[in-house]
Amino acid sequence: MPVIALVDCNNFYASCERVFDPRLTGVPVVVLSNNDGCVVARSAEAKAMSIPMGIPYFKIEKKFRKEGGVALSSNYALYADMSQRVMSILAGFSPEQEVYSIDESFLGLEDFGDLPGIGQAIRSRVRQWTGLPVCVGIGPSKTLAKLANHVAKKRPEWNGVCNLIGLLESELLSVIGAIEVGEVWGVGRKITGRLEDRGITTVAELRHADLKTIRREFSVVMERTVMELRGISCLAIENVAPPRQQIMSSRSFGQAVFDLPGLEEAVAAYTSRATEKLRRQRSMAGGILVSLETNPFKPNEPQYHPSITVPLVTPTADTRALIRAAHNGLHRIFRTGFAYKKAGIMLIDLVPEDDQRRDLFTAPDFSRNSSKLMATMDALNARFGRGTVRIAAEGIDQEWKMKRGRMSPCYTTRWADLLKIAARS
């Protein structure tokens with residue numbers, strides 16, 4: 001029988017901030033989205049104040065600050081670095097690891113003896129080496145491991161580790177049976193509503209649902225979810241994440257952009273970021289989609305939401321070529337007289353980097369020299385920080401850049417922000 005653990009960092013963004021600023025411990029903390037717009041992460045104290053996820057911050061700011069709350073801008077560099085540290089630690093516990101998200105990882109724990117003890121060892125090591133709290137859920141399938149993690153977080157009596165392996169049916173249902181069906185991994189809001197219409201409101205009821213009926217009225221995927229709830233593992237741990245089929249980069253602007261040069265800079269910057277990810281998974285793009293948006297929350301202003309797909313003659317991972325294609329598309333959809341609030345690009349038609357298709361007009365050495373140049377750029381940026389070397393089309397001042405007026409220092413990725421510890425005299 002498979003033994004799968006799901007390790008999840010508690011209130012990850014807020015916890016990262018607390019590691020480097022202990023004054024935030026015990027204080028309600030929320031982390032805001034791009035341009036300090038909406039709440040995207042909450043500490044336990046903020047959740048206790050019934051602050052909903054996704055609410056615009058301006059709606060709660062006055063009351064939140066009055067009650068001692070602290071709001072911070074998203075510090076993506078800090079969170080990504082802390083995530084990498086956590087995942088590296090977890091890799092030391094098992095040769096089978098699937099990094100599921102920035103703060104979650106599945107581990108294979110077959111042939112391990114004391115499972116609760118392993119869970120506590122994971123929690124202790126991550127806390128000691130990074131300062132971050134985690135909970136561990138253990139089960140015979142990914143779906144049950146997810147639910148076990150939910151129990152470990154919500155019920156203090158489990159001390160952060162919930163192990164469902166070896167429980168009798170009655171014991172298992174006493175632990176997870178009453179959990180609302182919407183908490184099951186893969187059961188979204190729409191499916192929850194459809195299940196509730198059929199009288200299925202809890203994990204126990206979904207677990208005992210008829211498989212043929214579930215498959216007929218929902219999907220094969222939903223049938224597998226029910227089987228996973230019964231302890232039949234249908235989803236193996238993926239040690240190597242499959243390549244993405246599309247790569248998107250999109251951001252709202254810190255202020256409205258009216259002119260083409262500003263949009264060119266933004267589109268170039270987003271394309272550059274996406275192309276780094278493209279090369280990281282050793283792929284090339286056969287086309288690029290470019291989109292623009294005005295502000296839908298200002299209906300009194302003229303609205304315009306165009307997009308265009310630009311195919312390439314041959315697939316490429318060269319940032320310069322993809323920026324040229326993106327600008328080509330941008331020039332075709334740009335219209336004056338609009339206050340643009342957002343732009344985005346999507347790399348499409350991805351193929352492996354060893355795809356050798358060439359056109360008749362490409363110089364033989366171009367592809368080889370391009371790969372060397374891109375590899376050099378990536379190496380420099382990896383060593384000295386993102387944006388150390390970049391394409392000139394991305395601009396210098398970037399006045400359109402998103403606002404992050406409440407951002408904490410980049411404690412782990414910028415020398416100037418490194419914490420200084422003074423010795424006591």
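**Exercise 1. Charged patches**

*Solution.* The model is predicted.
- Step 1: Take Glu-180, located in the loop between H7 and H8. Its relative accessible area is 58%. The cut-off for exposed is over 50%, so Glu-180 is exposed.
- Step 2: A positive surface patch consists of Arg-244, Arg-251, Arg-280 and Arg-386. Arg-244 sits in the loop between helix H11 (220-229) and strand E9 (247-257). With a relative accessible area of 45%, Arg-244 is partly exposed.

**Exercise 2. The setting of Ile-179**

Locate Ile-179, decide whether it is buried or exposed, and list its contacts beyond its sequence neighbours.

*Solution.* 
- Step 1: Ile-179 belongs to the loop between helix H7 (169-176) and helix H8 (189-197).
- Step 2: Its relative accessibility is 7%. Buried means under 20%, so Ile-179 is buried.
- Step 3: Set aside neighbours within four places in sequence. Ile-179 then touches Leu-147, His-150, Val-151, Arg-155, Thr-201, Thr-202 and Val-203.
- Step 4: For a distance check, take Leu-229. The C-alpha atoms of Ile-179 and Leu-229 are 12 Å apart, across 50 residues of sequence.

**Exercise 3. Helix H1**

Explain why helix H1 counts as largely enclosed, and name what its buried residues pack against.

*Solution.* 
- Step 1: H1 covers residues 12-20, and eight of these nine residues are buried. They are Phe-12, Tyr-13, Ala-14, Ser-15, Cys-16, Glu-17, Arg-18 and Phe-20.
- Step 2: Therefore the rest of the structure largely encloses H1.
- Step 3: The packing partners include strands E1 (4-9), E2 (29-32), E3 (39-42) and E4 (70-73). Helices H2 (44-48) and H4 (76-91) also pack against the buried residues of H1.

**Exercise 4. Salt bridges**

How many salt bridges does the whole structure hold? Work through some of them.

*Solution.* 
- Step 1: The search gives 17 salt bridges.
- Step 2: Arg-85 and Asp-81 pair at 2.9 Å, N to O. Both are in helix H4, four residues apart, or about one turn. Arg-85 is partly exposed at 39%, whereas Asp-81 is buried at 15%.
- Step 3: Glu-217 and Arg-198 pair with their closest N and O atoms 2.4 Å apart. Glu-217 is in helix H10 (residues 211-217) and Arg-198 in the loop between H8 and helix H9 (203-207), so this bridge ties together parts 19 residues apart in sequence.
- Step 4: Glu-223 and Arg-215 pair at 3.4 Å, N to O. Glu-223 is buried at 13%; Arg-215 is partly exposed at 46%.
- Step 5: Shared partners link Glu-61, Arg-65 and Arg-406 into one salt-bridge network.

Definitions and conventions:
Residues are numbered from 1 along each chain as its sequence is written. This is a predicted model: local features need pLDDT of at least 70, side-chain atom pairs count only at pLDDT 80 or more; totals for chains, interfaces and linings use all residues. Side-chain values use heavy atoms; hydrogens and water are left out. Buried means under 20% relative accessible area, exposed over 50%, partly exposed in between (1.4 Å probe, protein chains only). Helices (H or I, at least four residues) and strands (E, at least two) are DSSP runs, numbered from the N terminus. Contact means heavy atoms within 4.5 Å. Patches are made of residues with over 30% relative accessible area and no salt bridge: like charges are joined within 9 Å, nonpolar side chains (Val, Leu, Ile, Met, Phe, Trp, Tyr) within 5 Å. Accessible areas come from the Shrake-Rupley method with a 1.4 Å probe; for residues, only the protein chains shown count as cover. A salt bridge is a side-chain nitrogen of Lys or Arg within 4 Å of a carboxyl oxygen of Asp or Glu. Lys and Arg count as positive and Asp and Glu as negative; His and the chain ends are not counted. The place of a charge is taken as NZ of Lys, CZ of Arg, CG of Asp or CD of Glu.
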